[in-house]
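This report describes the fold and overall dimensions of one protein chain. The sequence and structure are shown here for reference.

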Amino acid sequence: MRTRVERHGDELIARRRLPAAPERVWAAFTSPASIAAFWGGSHADVPPDSVTVDLRPGGEFALDTRAPDGRTGRLRFVYISVDPPRELVFDEPVTGLRTTVTLRPARDGTDLTVHQRKLPPELRTDQAADGLASILDALAAHLPPDDDGDSSDPSNPA
């Protein structure tokens with residue numbers, strides 16, 4: 001399954017069902033090692049030692065990206081709201097881009113919505129939508145499904 005992304009003017013809205021509990025998805029979005037594992041998606045690498053997280057309103061997280069062509073960049077975001085394990089809101093101070101990450105429990109994991117508002121004109125593209133989808137697809141690959149308990153049940157020979 002691939003992430004669905006919609007573009008509406010200066011907004012991107014991505015939705016994905018993840019086979020992991022909201023607490024695990026939250027940890028992936030707030031742990032430097034996990035952020036490094038998925039944030040670049042298929043279009044960039046994120047060196048693990050470049051990720052910093054100060055998880056509180058007014059705190060920031062930052063990371064370096066390295067594109068396949070060798071271009072590098074530093075991304076910096078400021079947390080506006082931190083409501084574990086339900087919602088993260090953060091801004092990119094230079095452009096004003098606001099991202100809201102919402103996690104809702106689902107029967108088989110978590111319904112994830114990433115809503116980006118105030119996209120600068122250069123990010124109102126199919127390429128930006130594909131980039132966001134790629135990041136969330138990498139997140140799904142990074143989070144193996146929650147164990148439903150059957151494999152640890154000694155009476156279950158499967």
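## Contacts and basis of the model

Among contacts in the chain (heavy atoms within 4.5 Å) between residues at least 6 apart in sequence, 47% connect residues at least 24 apart.

The model is predicted, with local features requiring pLDDT of at least 70 and side-chain atom pairs pLDDT 80 or more, whereas totals for chains, interfaces and linings use all residues. Residues are numbered from 1 along each chain as its sequence is written, and side-chain values use heavy atoms, leaving out hydrogens and water.

## Secondary structure and sheet

Three helices and eight strands make up the elements of the chain; these are DSSP runs numbered from the N terminus, with helices (H or I) of at least four residues and strands (E) of at least two. Their order from the N terminus is β-β-α-α-β-β-β-β-β-β-α.

The eight strands form an open sheet in the order 1-2-8-7-6-5-4-3, with antiparallel pairing; pairing requires at least two DSSP bridges between two strands. Strand 1 (4-8) and strand 3 (52-53) are the edge strands, each pairing on one side only. Seven antiparallel bridges link strand 4 (residues 60-66) with strand 5 (residues 72-83). Phe-61 stands opposite Phe-77 in strand 5.

## Dimensions and burial

Along the principal axes, the C-alpha atoms of the chain fill a box of roughly 55 × 35 × 35 Å. Of the 158 residues, 42% count as buried, that is, under 20% relative accessible area with a 1.4 Å probe, protein chains only.

Key: Buried < 20%, exposed > 50% of the residue type's maximum accessible area, 1.4 Å probe, protein only.
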